[in-house]
Amino acid sequence: MRLTQFTTTKNSFEMKRVIYMVGALMCGASVASAQTAQTDTTISRDIEIVKEYNPVIKEAGKINTMPELKTIETKKITPSYSVWTSSFNPRADVMPTLDYALAKEPDSNPYASDYFAKLGAGNYTSFLGEIYAPLYKTDKWLIDIYGKHNSTMSDITLSDDQYPLATDVESDAYSNDNKGRISLLRSYRKSELSAFSTLNFNKFRYYGYDSFIADSAAVGKDTYKGGVQTFHNFDLNLRYKTKGYAEKWKYDLQANYQRFSNKNEVVENTIYTNLMGDYRMESSSLSAIFEMYNIIMDMPSDSGYLYDFKHVENASSHTVLKISPSYRFESNMGVFHIGVKGVFCIGQGRPGTIIPDINGNIKIIDDKLYLYAGITGDYEVNNYRHITNVNPYVAPDVRVEDTYVPIDFYLGAKANIYDKVNLDAFVGYKVLNNPYFFVNKGLDSTAFHHTFDVVKDKDAGLFNAGVAAIYNWTDKLGLTLQTKYNAWAVKKVDKPWQRPTFELDFKTSYQITDYLRTELSYEFSGGRYACVNGKSVKMDNIHDLSLGVNYRVLSFANLFLNLNNIFASEYQNWYGYTAQRFNLMGGLSVNF
């Protein structure tokens with residue numbers, strides 16, 4: 001969305017506003033933030049775009065991230081053009097229509113002609129830099145680049161109120177996250193060709209509590225520097241797809257190469273192929289999706305006191321094939337999808353399995369009330385890239401076994417009330433084979449490290465229920481709320497370690513004037529337990545209140561100020577890793 005051009009009849013008034021706001025920004029120069037961990041997709045041509053409002057209250061995240069609140073998916077969307085700074089994205093903001101099971105994407109990218117840059121700084125010695133530039137753009141071509149830097153270089157206090165420490169310890173929580181990307185899009189009349197290359201570099205310290213920190217505090221040391229880890233992620237993607245149906249056919253062909261490596265010389269190469277074809281009939285369609293993961297592993301040969309690479313499980317080079325044929329039918333009453341997923345593994349994993357894939361939605365009241373349900377399942381490939389995105393502090397010599405979900409049942413309703421309130425309520429139950437849970441890595445019977453191992457259950461059950469709501473009170477004020485309850489049934493482990501029982505995410509945004517906009521958010525996560533040296537430890541609940549302010553000083557420039565963790569809570573995202581307390585970040589973004 002382009003910035004709305006505005007004028008003023010008094011140049012002096014404009015200058016005063018600029019002077020006042022620059023002065024206010026200088027007064028808040030000790031600003032801070034945490035970093036937002038972003039997960040790369042491998043099966044879509046994602047274009048990261050920006051618009052003038054940048055709430056980004058949670059602009060930090062390696063240290064201060066929240067467990068992701070996930071509602072049950074009722075549809076699978078393959079293409080994805082996303083506005084990076086979208087203020088909210090609740091599940092219930094769009095009511096389903098008769099073609100709601102089909103992927104949706106805009107015909108064009110209305111923001112891609114804008115250059116964008118953002119600079120910010122804050123306490124905890126945090127810095128933020130971001131840039132987007134369309135290098136070449138015509139009706140048929142788009143070549144663009146995107147880059148982002150997010151870092152924090154200060155200590156985190158590990159308090160003796162939280163851990164069995166003789167005294168508080170200042171632990172070095174250095175983190176430096178960088179991303180660069182170049183993309184190409186060639187548009188034809190009925191199809192498009194796209195490609196991108198992405199490079200991610202992340203360097204950080206293991207700053208969490210462990211036996212070494214406890215021993216240091218016992219002899220009077222109040223500072224600690226953990227070991228350094230680095231991740232390198234490289235992507236190269238090529239994709240060719242139709243924009244819609246060409247005659248009666250629609251197809252989407254993709255090939256992706258991913259390379260993951262870390263400081264310990266663990267290397268994982270993944271060649272991912274995704275082929276989709278769809279044939280449309282009068283009121284129905286036949287489709288098939290073929291996916292193939294070719295994973296080539298290279299593990300270091302040496303082992304040490306902390307890591308044992310000679311005995312790493314699930315680290316063989318292997319291939320995973322997924323074949324998913326389906327039939328889709330639509331009528332005046334709704335949309336119905338009937339299919340199966342066939343999964344075949346070579347080298348490691350399950351040799352072969354068939355999973356049901358049935359879902360649909362029924363229109364009860366047109367544009368007002370829909371019911372949806374599904375019985376499906378999945379086979380989740382847990383490669384290093386995926387696991388380190390979930391928990392970057394997992395030990396380098398841990399490779400998680402793939403997770404098989406034979407049954408995933410869900411039932412829900414979507415309602416639109418007076419065109420102001422959208423509700424999505426659901427319940428679900430799934431069975432998981434080899435679900436994994438993070439536990440603090442044990443070194444011997446008395447010592448543990450601040451990296452994480454995994455334990456798995458053979459067959460676990462997960463019941464969840466939740467509600468998502470969005471309330472558009474006025475054009476200037478909106479509220480969203482998502483809640484979710486999780487209940488695990490586990491057999492081989494005592495508890496679903498570090499998984500929350502209850503999650504809540506609330507956001508409200510208010511456009512005070514044409515120039516000033518604010519956003520308030522509150523996040524809660526409770527009912528988590530950690531396993532430390534074989535003992536169960538109850539983790540503190542996460543309470544995180546944040547406030548963001550965005551002020552437009554010129555038609556192309558915005559000042560922002562984000563106040564994060566206003567309660568100054570010392571919660572832990574992973575046991576031993578205390579979050580940053582109250583922090584703030586301020587800066588300037590320009591769009592031209």
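Residues are numbered from 1 along each chain as its sequence is written, and side-chain values use heavy atoms, with hydrogens and water left out. Since the model is predicted, local features need pLDDT of at least 70 and side-chain atom pairs count only at pLDDT 80 or more, whereas totals for chains, interfaces and linings use all residues.

Helices (H or I, at least four residues) and strands (E, at least two) are DSSP runs, numbered from the N terminus, and two strands are said to pair if DSSP finds at least two bridges between them. In general, the strands of a sheet pair through backbone hydrogen bonds, either parallel or antiparallel.

An open sheet is formed by three strands in the order S6-S7-S10, and its pairing is mixed. Strand S6 (155–158) and strand S10 (223–224) are the edge strands, each of which pairs on one side only. Between S6 and strand S7 (residues 169–172), which run antiparallel, there are four bridges, and Asp155 has Asp172 in S7 as its bridge partner.

A further series of antiparallel pairings begins with strand S14 (residues 284–298), which is joined to strand S15 (residues 318–330) over twelve bridges; here Leu286 stands opposite Tyr327 in S15. S15 in turn runs antiparallel to strand S16 (residues 334–346), with ten bridges between them, and the two are connected by a hairpin of three residues. Within this pairing, Ser326 is placed opposite Gly339 in S16.

Gly339 also has a bridge partner in S17, namely Asp357, as S16 and strand S17 (residues 353–365) run antiparallel and are joined by ten bridges. The hairpin formed by S16 and S17 has six residues between the strands, and in its turn Gly347 shows a positive phi of about 105 degrees. S17 then pairs with strand S18 (residues 369–380) in the antiparallel sense over seven bridges, with Leu371 in S18 as the bridge partner of Ile362. Three residues separate S17 and S18 in their hairpin, where Asp367 in the turn has a positive phi of about 60 degrees.

A nonpolar core is taken as a set of buried Ala, Val, Leu, Ile, Met, Phe, Trp, Tyr and Cys residues joined through side-chain atoms within 4.5 Å; buried means under 20% relative accessible area, exposed over 50%, and partly exposed in between (1.4 Å probe, protein chains only). The largest such core holds 50 residues, of which Leu165, Tyr209 and Tyr393 touch the most other members. Among the elements that give two or more residues to this core are S6, helix H2 (211–218), S14, S16 and helix H3 (384–390). Contact (heavy atoms within 4.5 Å) links Leu165, leaving aside its neighbours within four places in sequence, to Leu158, Ser159, Asp160, Tyr209, Ile213, Ala214 and Ala217. Another core, of ten residues, lies apart from the largest one and includes Val405, Phe437, Leu462 and Trp488.

Tyr471, which is found in strand S23 (residues 459–472), is partly exposed, with a relative accessible area of 31%. Although Tyr471 and Lys420 are 51 residues apart in sequence, their C-alpha atoms are 5.6 Å apart in space. Leaving aside neighbours within four places in sequence, Tyr471 is in contact with Lys420, Val421, Leu477, Gly478 and Leu479. Leu554, in strand S29 (residues 542–554), is likewise partly exposed, with a relative accessible area of 24%; Leu554 and Tyr515 are 39 residues apart in sequence and 9.0 Å apart from C-alpha to C-alpha.
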